[in-house]
Amino acid sequence: MNAPTSAADEQLLMSWLAVIGMLTMYWSPVERHIDQCVHLLHQQLITHKKPKKPSRLGSKLDFIKSNMPIGIIGTKELEKLTKLTKITAKIRDVCVHGVLNSYDQEKIEIGKIDGRSVEHAIENFTIDRNRLDRSAKALSVLQHEWASIAWSLCQTRAQNVMA
């Protein structure tokens with residue numbers, strides 16, 4: 001599966017890169033809404049010594065799950081949303097931080113350094129077109145859901161301030 005070089009194959013590469021670009025650009029609003037949720041939930045903590053705001057995605061999602069007020073989103077729905085967020089973020093992370101090794105009509109192979117490894121290990125990921133397209137489409141769902149949660153948290157905060 002060597003990287004093709006003809007004009008038709010260059011167009012094929014551009015189609016892969018377009019979807020990767022969508023993953024990159026459409027992730028930002030999702031992360032912004034997640035950060036807003038973390039901020040709002042962190043502000044409402046009533047303790048003398050507030051914990052530091054989480055900065056990594058997994059920690060942010062755990063913080064949100066453990067501090068979400070009742071009535072904003074159900075536990076099962078939040079768990080499903082968290083799972084979809086992590087899966088989509090993983091694909092995005094591989095595409096953004098990896099190196100394109102090869103591609104064809106149906107799949108791409110991306111090599112990414114395994115940051116957890118003591119060695120300089122490179123993991124190779126093969127992502128088929130359907131999987132990448134589903135990830136790109138999932139971002140619109142994620143953006144809508146996280147925006148809705150952030151808005152609900154803002155409304156709850158505003159109601160508490162007025163009370």
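Colleague: Is threonine 85 buried or exposed, and what is its relative accessible area?

Modeller: This is a predicted model, in which local features need pLDDT of at least 70, side-chain atom pairs count only at pLDDT 80 or more, and totals for chains, interfaces and linings use all residues. Residues are numbered from 1 along each chain as its sequence is written, and side-chain values use heavy atoms, with hydrogens and water left out. Buried means under 20% relative accessible area, exposed over 50%, and partly exposed in between (1.4 Å probe, protein chains only). Threonine 85 therefore counts as buried, its relative accessible area being 0%.

Colleague: With which residue does the side chain of threonine 85 make a polar contact of 3.0 Å?

Modeller: Threonine 85 belongs to helix 3, residues 75-97; helices (H or I, at least four residues) and strands (E, at least two) are DSSP runs, numbered from the N terminus. With neighbours within four places in sequence set aside, threonine 85 is in contact (heavy atoms within 4.5 Å) with Trp27, Ile34, Leu57, Leu61, Leu142 and Trp146. A polar contact is a pair of N or O atoms within 3.5 Å; within protein, one must be able to donate a hydrogen and the other to accept it, and residues adjacent in sequence count only if both atoms are side-chain atoms. At 3.0 Å, the side-chain partner of threonine 85 is tryptophan 146.

Colleague: How far apart in space are leucine 139 and tyrosine 26, C-alpha to C-alpha?

Modeller: Leucine 139 lies in helix 4, residues 129-162, and it counts as buried because its relative accessibility is 1%. Beyond four places in sequence, its contacts are Met22, Leu23, Tyr26, Trp27, Val30 and Thr88. Leucine 139 and tyrosine 26 are separated by 113 residues in sequence, yet their C-alpha atoms are apart by 6.3 Å.

Colleague: Which residues make the nonpolar surface patch of about 250 Å²?

Modeller: Patches are made of residues with over 30% relative accessible area and no salt bridge, like charges being joined within 9 Å and nonpolar side chains (Val, Leu, Ile, Met, Phe, Trp, Tyr) within 5 Å; accessible areas come from the Shrake-Rupley method with a 1.4 Å probe, and for residues only the protein chains shown count as cover. Leucine 17, in helix 1 (residues 7-43), is partly exposed because its relative accessible area is 37%. The patch of about 250 Å² is made by Met14, Leu17 and Leu100.

Colleague: Which residues are linked with Lys60 in a network of salt bridges?

Modeller: A salt bridge is a side-chain nitrogen of Lys or Arg within 4 Å of a carboxyl oxygen of Asp or Glu, and by this rule the count comes to five. Lysine 60 lies in helix 2, residues 57-67, and is classed as buried because its relative accessibility is 6%. Its side chain makes a polar contact of 2.5 Å with the side chain of aspartate 35. The residues linked with Lys60 in the network are Glu31 and Asp35.

Colleague: Which residue meets lysine 65 in a salt bridge?

Modeller: Side chains of opposite charge can pair when their charged atoms come close. Lysine 65 is partly exposed at 30% relative accessibility. At 3.2 Å, N to O, its side chain meets that of glutamate 79.

Colleague: How many residues apart in sequence are the parts that lysine 112 and aspartate 93 tie together?

Modeller: The side chains of lysine 112 and aspartate 93 meet in a salt bridge of 3.3 Å, N to O. Lysine 112 is buried at 17% relative accessibility, whereas aspartate 93 is partly exposed at 26%. Because lysine 112 lies in strand 2 and aspartate 93 in helix 3, the pair ties together parts whose separation in sequence is 19 residues.
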